[in-house]
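Dear colleague,

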Amino acid sequence: MDLGIKDKKAIVCAASKGLGKACALSLARNGVDLVINSRTASELEATAAEIRAATGRSVTAVACDITTPEGRARVLAACPNPDILINNAGGPPRGDFREWDEAAWMKAVNGNMVTPIMLIKSVVDGMIARKFGRIVNITSGSVKSPIPELGMSNGARAGLTGFVGGLARQVARHNVTINGLLPGPFLTDRLRAGAIEAARKSGRSVEDVLADRAKVNPTGRVGDPFEFGEACAFLCAASSGFIVGQNLLLDGGAFNSTIG
Ligand code: NAP
């Protein structure tokens, strides 16, 4: 399937590994040139080299914290007029909400709500002027089905989703779309870290914890980041202009409902 995005330019945030990297790879395989970001320069450079070698596309690495105004300015300086923006950042910590003070909440809201909104604000008018834009926010299945120990994720990401739900309808007539991709369990470092923590608390092995995560899913497995990247690229296709303000849950059917 030709996605019709060859030679487009994309910013993919938080993309040295995991879901962000998978999105970057899928876009590059479809002919998109990239600016990718994450904080650890060595890992980011290695990922950029890997994507260049695999796809032959231009990949610029900007090592910085995307949740800071300085970091965002550096990323935008490297790609002032993106056709595609993939918003992503690390998720907030797990815990009991009684442990979280105001500073912890502000950090979560900044990282998972304000940061993507600031990036959208910086690029959306250019997209409108050029009559093409695809914005995908990587959020979480927690937007649809709250995860008790991830209260800050539930809250901050729902805030982003609410804001974007309104904005998406304001920009769609200019062929600019904004949609959410909601990951369930995907085998990334983030999922492994959660499994290591659960194993430590329960005295079980990490392998057992991961096997249980897989067993309870209707697919009998956890997701492959490749599958997530491909869904992201599809939302960015030229022919996806009528997919507006949607939140696509990629969880192997774990959320049990007849519709939606
Ligand atoms: P991951 O494998 O841990 O990768 C996170 C990536 O984000 C890394 O490249 C990391 O690099 C970068 N990053 C983190 N904070 C950053 C910052 N402030 N500025 C720039 N880059 C940053 O995580 P993942 O599993 O791909 O998760 C991606 C997002 O999806 C997270 O928000 C996560 O909570 C959410 N999510 C994941 C799952 C899942 O099953 N994997 C499920 C639901 C939601 P550096 O550390 O070097 O910056």
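H1, strand S2 (33-38) and helix H6 (189-202) each supply at least two residues of the shell around the ligand; helices (H or I, at least four residues) and strands (E, at least two) are DSSP runs, numbered from the N terminus. H6 gives the largest share of that shell, three residues.

This is a predicted model, in which local features need pLDDT of at least 70 and side-chain atom pairs count only at pLDDT 80 or more, while totals for chains, interfaces and linings use all residues. Residues are numbered from 1 along each chain as its sequence is written, and side-chain values use heavy atoms, with hydrogens and water left out.

In total, 29 residues surround the ligand (a heavy atom within 4 Å of it). The closest are Ser16, Arg39, Thr40, Ala89 and Thr188.

A polar side-chain atom of Asp65 is 2.8 Å from a ligand nitrogen atom, and a polar backbone atom of Ile66 is 3.0 Å from a nitrogen atom of the ligand. On the oxygen side, a backbone N or O atom of Phe186 lies 2.8 Å from an oxygen atom of the ligand. The protein covers 90% of the 880 Å² of accessible area that the ligand has on its own (Shrake-Rupley method, 1.4 Å probe).

Helix H8 (residues 225-235) has buried residues Pro225, Phe228, Gly229, Ala231, Cys232, Ala233 and Leu235 (buried: under 20% relative accessible area, 1.4 Å probe, protein chains only). These pack against helix H1 (18-29) and strands S4 (84-87), S5 (133-138), S6 (176-183) and S7 (247-250) (contact: heavy atoms within 4.5 Å).

With kind regards

Note on methods
Buried < 20%, exposed > 50% of the residue type's maximum accessible area, 1.4 Å probe, protein only. Polar contact = N/O pair within 3.5 Å; in protein donor to acceptor, adjacent residues only side chain to side chain.
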